[in-house]
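Welcome! Please take a moment to look over the model below, and then read on for a guided walk through it.

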Amino acid sequence: MSRIGRLPITVPAGVEVKVDGSVVSVKGSKGELTHTVASPIEVALDDNTLTVSRPNDERASRSLHGLTRTLIANMIQGVTAGYEKKLEIVGTGYRVQAKGSDLEFALGYSHPVNVSAPAGITFAVEGPTKLSVSGINKQQVGEVAANIRKLRKPDPYKGKGIRYAGEVIRRKVGKAGK
């Protein structure tokens with residue numbers, strides 16, 4: 001039995017969960033999220049507790065069991081607290097500034113790079129070299145942050161580029177380090 005999958009999910013106060021067949025919808029103070037559960041997995045709601053179960057011990061069912069439970073738990077956390085990824089920019093002349101709800105980066109290219117906020121994502125610029133990506137969908141927040149990081153990945157020689165806050169870049173020695 002999946003150790004993660006068999007854990008019950010407690011629904012906090014202020015969160016409304018509906019289970020309609022294979023569709024689970026979660027509504028909270030920050031917004032609403034829905035997820036379609038894969039076919040062999042079943043979700044049951046009893047007295048502010050969600051339980052995820054599987055009908056058999058086949059490999060596909062076992063792999064979907066813990067995944068489904070984690071996705072539903074992430075939805076509940078998203079509509080109550082939300083998710084946030086912090087990014088920092090390292091490099092001379094590299095900076096970010098807010099243009100309405102969008103971002104404009106100066107990353108050493110011949111032109112500024114503009115990034116528009118998708119639906120459900122908000123950007124916050126805390127300084128010329130610090131920004132954060134926040135939203136209620138964990139997957140979407142991570143993907144948008146990864147796409148921003150991809151604009152100028154951290155360089156292993158000088159350490160310049162966009163990195164996650166607290167990320168450690170393994171440095172290489174250059175030509176002089178024989």
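## Rings and charges

By the pairing rule used here, the count of aromatic pairs comes to zero. That rule pairs rings of Phe, Tyr and Trp (its six-membered ring) if their centres lie within 6.5 Å, with planes under 30 degrees apart called stacked, over 60 edge-to-face and the rest tilted. This is a predicted model, in which local features need pLDDT of at least 70 and side-chain atom pairs count only at pLDDT 80 or more, while totals for chains, interfaces and linings use all residues. Residues are numbered from 1 along each chain as its sequence is written, and side-chain values use heavy atoms, leaving out hydrogens and water.

Charges over rings can be found, though. Lys 85 sits over the face of Tyr 164, 5.1 Å from the ring centre, and Arg 152 sits over the face of Tyr 109, 4.4 Å from the ring centre. Such a charge has NZ of Lys or CZ of Arg within 6 Å of the ring centre and within 35 degrees of the ring normal.

## The chain as a whole

The protein chain has two helices and 13 strands. These are DSSP runs numbered from the N terminus (helices are H or I with at least four residues, strands E with at least two). The radius of gyration of the protein chain is 21 Å, well over the 16 Å that the globule rule gives for 178 residues, so the chain is more spread out than a compact globule. Here the radius is taken over C-alpha atoms, and the globule rule is 2.2 Å times the number of residues to the power 0.38. Along the principal axes, the C-alpha atoms fill a box of roughly 60 × 45 × 25 Å.

An unreviewed UniProt entry lists residues 11-82 and 90-164 under "domain: Large ribosomal subunit protein uL6 alpha-beta". Positions from UniProt are given in the numbering used here, feature names are shortened, and annotations may be inferred rather than shown by experiment. Residues 11-82 are 31% helix and 33% strand, with end C-alpha atoms 15 Å apart. For residues 90-164 the values are 19% helix and 41% strand, and the end C-alpha atoms lie 11 Å apart.

## Strands and their partners

Two strands pair if DSSP finds at least two bridges between them.

| Strands | Bridges |
|---|---|
| β2 (residues 16-20) and β3 (residues 23-27) | five bridges |
| β3 and β4 (residues 32-36) | five bridges |
| β7 and β12 | six bridges |
| β7 (residues 83-90) and β13 | four bridges |

β2 and β3 make a hairpin with two residues between them, and Gly 21 in its turn has a positive phi of about 70 degrees. Across this pair, Val 17 stands opposite Val 26 in β3.

Which strands make up the open sheet of four? In order, they are β11-β12-β7-β13, with antiparallel pairing. At the edges, β11 (121-127) and β13 (161-164) each pair on one side only. Neighbouring strands are turned by 25 degrees against each other on average, direction ignored. Helix α2 (residues 138-151) packs on the sheet, touching β7, β11, β12 (130-135) and β13, and its direction makes about 10 degrees with that of β7. Contact means heavy atoms within 4.5 Å; axes are lines fitted to C-alpha atoms, for helices over the stretch in contact, with angles running from 0 to 180 degrees between N-to-C directions.

Within the sheet, Tyr 83 stands opposite Gly 135 in β12. Facing β13, Glu 88 stands opposite Arg 163, and Val 90 has Gly 161 as its bridge partner.
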